[in-house]
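Here is a short briefing to read alongside the sequence and the model.

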Amino acid sequence: MSSQTASPAATRRHRSANEKHAHAITRRNTRNGLLFIAPNFLGFIFLTLIPVIALFFIAFSRWSAFGMPQFNGLTNWKRLGGDKVFWAAFGNTFYYSLVHIPLTLIVAFLLAILLNSKLKGRTFFRTVAFFPYITSIVAAAQVWSMLFDARSGVINQFLRLFTSHVPGWLGSTQWAMVAVIIVATWREAGYYMILLLAGLQTIPHTLYEAAELDGANAWQRFWHVTVPSMRPTLFFVMVTLTIGSFKILDLTLVMTDGGPGTSTLVLAQYIYRVAFEQGDFGYSSTVSLVLFAICMIVTLIQFYYNRSKED
Amino acid sequence: MNMNRHATKALAAFAAVSTIAMLAAGCGSSSSSSQQSAKSADSTNQKVTITFAGWSLDQTPEFKTLADGFHKAHPNITVKLKEYSADDYDKQLTADISAGAQPDVFPMKNLQKYYTYGHESGGLADLSSIANSYKGNKYINVSPYKLDGKYYAMPYRADAWVLFYNKDMFKKAGVAEPNAKWTWDDYTKAAAELKKKLPAAGYDANSVYPMYQHNWQSVIQSFALAQSGKTAQQTFFKANFNYLKPYYKRALDWQDKGYTIDWNTSFTTKVQYQAQFGTQKAAMLPMGTWYAATLVSQQKSGDADKFEWGMAPIPQNPDTKLPSTPITFGDPTGLAVSSKDTGAKLAAAKEFVKWASGEGGSLALAGIGTTPSYFSPKVQSKFFSADGMPQDELSKTAWSKHDTKAENPVGPGTDTIQSDLKDANSAIMTKSSSIDAALKDATDKIKSSGVLQ
Amino acid sequence: MSNVMDSSSVIAAASAKTAVIDKKAYDAIPLNKRHTTWQRVVGIILGYILMIAAAIFVMLPFVWMLLSSVKPNNEVFAVPIKWLPSVWHWENYANIWSKSNMLLWTGNTLLLSVVVTFLQVFTGSFAAYGFSKIRFPGRQALFLTYIATMAVPWQAYMIPQFKMLSAIGLSDTRWSIILLQAFGAFGVFMMKQFYDSIPEELSEAARLDGLSEFGIYWRIVLPLSGPSISALAIITFTNTWNDYMGPLIYLRSPNLYTIQLGLKQFISQYNADYAMIMTGSVLSVLPILIVFLIGQKYFIEGIATSGMKD
């Protein structure tokens, strides 16, 4: 959108014309901006920011959750390099994210567009789409485990119509992650659909009208009206989806507990394991920082890509 | 315009409701801290209230039984229960101790966690005086809690693993019941026989199995370690897992021959062992003695079928000499006292732990079918007098006479080794990798983690 | 935009942009166009069949949950799976109220969810306005800090956080859960992105007309963000309602228990009452459903009312 670019340019013009006036505006804007942010920011600093900053110290310490962390320099980081379980979890997390992110985005976007139309019974279908997100995760895992059952599950019975080499799903190191991804997409598509739907509804209808007058077909309207107008929402959905995917935990915990072997062990579960099962909060913080760094790099790429598109 | 008006109106209404709700929230904060503070320490007949952590209080009667029983014996001390989660107790306790906010008395679920808390947290009071009072007492074993020459917890229940079996199914199938001399080979033989004869006795061949091997790693690994004849220092803490191999070979064999539900089905569909044995889907079940009480109550409530059952000593390692006392495993559950306590409160908390670990608490627990820590003849007869408990001699011996090793050997690095062995367990049991490959992988991972000394 | 416009005309312009739309524009939205040819009719019928089939598939775990809630306890996880109970235990739905403190848990959770949702929506949309519509130095850095904290897994810093809140005496109170959930970065981020899609000219013009920043927020931006506020409210409510770890770490007094924490009570160390857990889970979905149905009305209104206006 034009908002981000227009303003620095405008500010520059002002500055050359009247430095003092510009300073006054900046001061007023800073004051107003901070006032608006303050109610949230105060809570945010004390409840989130300070503990998160503490994490950066703990990651370089030995800490069992009791007493004060003991600084131990790079010991944790050296351990990271040779830790086979960590690297397995690292690989699994990327595998999961790289498949799950595009898949969920596409499914959620299709759902949102479909359920944004004047479809009869859309309230019903929207509710249905949101249901997986509110169904108890234990129930979801149970039914999916049954559907995925290698011998008698519905999915393999269907696949046997086409091939005799059916996957072993949750009992196989190759297929367990695929099963987890399918269930995760099933579960989260409705959630992201809600966010995208809200974004779709803020697009001014006149834009579509203008595009149609220009002779754009449905696909062109989608690509040249919907997508650009949705950019802020898409950015938000992409970032939360990315971070959420890299931080995936509850589903693998309930469905596979990281197994078989370490085939579905992800970083967040490893963090949890090292902290609460092995009592090593120092090393767990180190792994957390790695996960944090991955999320931040991907987010920053999205952030700057998004800005370049807006320009 | 429609939407605008609606949004603003909805937000305003929402704001009003929320403000009221927020005011109400202020009144809800707990008042526990004010009740806790007992001031002067000297007078002995002063009323003292101590807090006691328990989980799932409505479903787990042991905590209330202990609290009430103790209050009856010591009317000036009131035990107030704090509710914790059964599944995530250690997470909550870690947070509590970390913030110095632990209750006065709290359970230690297993020895490994006890080691962590005792060694690292500084949140547990020294209970050596209670341990010394049990010196030379053959009814109770407090040695698992010895840590650097001190004791930071006392046991109040001491479950051990035994073999549960369905007498009706054995009788109907015409298979000889387990005896005190069984090895795992005898167990296998009986399973083979049951597999053949159960369908003829009218049991559904598709859903009824000779045994149920639950999906916990301890079901294989802790037996193997306890019965290996070697010390954990020689094997476990050297990441040398050869002792597991024969146990895994047998387990895979049972699974392949259909003697038990396969591990993957059991794990992914969350099979409840209580349902498998309780509804007669399995004739034999290796399980901890805690299950006796559950089975009795489920047979009463109708969740389990009515049938005759018994307990036998757990089968022994066929590759070593048969020991005089059957070797099994099981961690005691202990009670610890907060190191923050002083004066009258500390004295009251210690008194409570002493009572709970001794004959008084054990009688109360035996009365509700819980296996307590103090195995005097009086406690044993109380346990077996409960309606629905088996009465045969084998069950009584199985329950009271065993050489019980720790579920996991306790020491630095245990948790990491256990995590990697858990992964190996799922890899082997799903046949994702061979026994040798999975165990070698575990050894490599443990070595790469740097926890071995 | 002209500088002489007064603020009321700005608002009128704003609503004109989104609310008053003719039929033609509505039809121009992808998938909304309808010419009745027979291929279209067949297509529509096929589409509905497909969607209903998909709906059933999507609902399957919920149906299982529903059926499990009336099963005998030992049949919930039976192998091979049993869909229908051997005995229908409808009384579970009556018993749960006496066997547990379901009413108390529901009350507690409702209170927390409503307060948290309100605070999150209010402070979130307020801060989002600051980030989106007011230019001041350092706002990008501050905003990135917000996003950055979303990238840190909570289980990594929950012990330091717990120590802080315990030190000021807030553990085992409702305040801990409220504070924990209400000031998250999620709401700020989400609302900021939605405000970014509101044309800059609207707030710029209002500013030149002398409307205060709060005035712009309250009279122009907020009224335009119905769908996004309801989306944020639905999601915050659902997440607070279903949160397990927060209450787990902070609450110890049975009278403060939330639904998710309470349901876990049915699991003791050696046995689990899964039928009751499922009964509770089914009941606990109802309030979310109500919030969802109320919230999603704002989605429809954005289009439906304007579509019918001609």
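How far apart do the C-alpha centres of domain 1 of chain A and domain 2 of chain A lie? They lie 32 Å apart. Please keep in mind that this is a predicted model, in which local features need pLDDT of at least 70, side-chain atom pairs count only at pLDDT 80 or more, and totals for chains, interfaces and linings use all residues. Residues are numbered from 1 along each chain as its sequence is written, while chains are lettered from A and ligands numbered from 1 in the order in which they are written.

**Domains of chain A**

- Chain A is assigned domain 1 (1-58) and domain 2 (64-310), with bounds from an automatic or database domain assignment.
- Seven residues of domain 1 of chain A are in contact with nine residues of domain 2 of chain A (contact: C-beta atoms, placed from the backbone, within 7 Å).
- On the domain 1 side of that contact, helix 1 (3-17) and helix 2 (19-58) of chain A each supply at least two residues; helices (H or I, at least four residues) and strands (E, at least two) are DSSP runs numbered from the N terminus.
- Helix 2 of chain A gives the largest share of this side, four residues.
- The side of domain 1 of chain A that touches domain 2 of chain A has five nonpolar, two polar and no charged residues (nonpolar: Ala, Val, Leu, Ile, Met, Phe, Trp, Tyr, Cys and Pro; charged: Asp, Glu, Lys and Arg; polar: the others, Gly among them).

**A sheet in chain B**

- Four strands of chain B form an open sheet in the order 8-9-7-10, with mixed pairing (two strands pair if DSSP finds at least two bridges between them).
- At the edges are strand 8 (209-211) and strand 10 (309-312) of chain B, each pairing on one side only.
- From one strand to the next, the twist averages 25° (axes are lines fitted to C-alpha atoms, for helices over the stretch in contact, with angles from 0 to 180 degrees between N-to-C directions).
- Strand 7 (residues 161-166) and strand 10 of chain B run antiparallel and are joined by four bridges; B:Leu163 has B:Ala312 as its bridge partner.

**Helices on the sheet**

- Helix 13 (residues 290-301) of chain B lies across strand 7, strand 9 (282-288) and strand 10 of chain B, at about 130° to strand 9.
- Helix 17 (residues 393-400) of chain B also packs on the sheet, touching strand 7 and strand 10 of chain B, and its direction makes about 45° with that of strand 10.

**Where chains A and B touch**

- The contact takes 28 residues from chain B and 26 residues from chain A.
- Helix 18 of chain B gives the most to the chain B side, seven residues.
- That side of chain B divides into two nonpolar, 18 polar and eight charged residues.

Technical notes: Contact = placed C-beta atoms within 7 Å.
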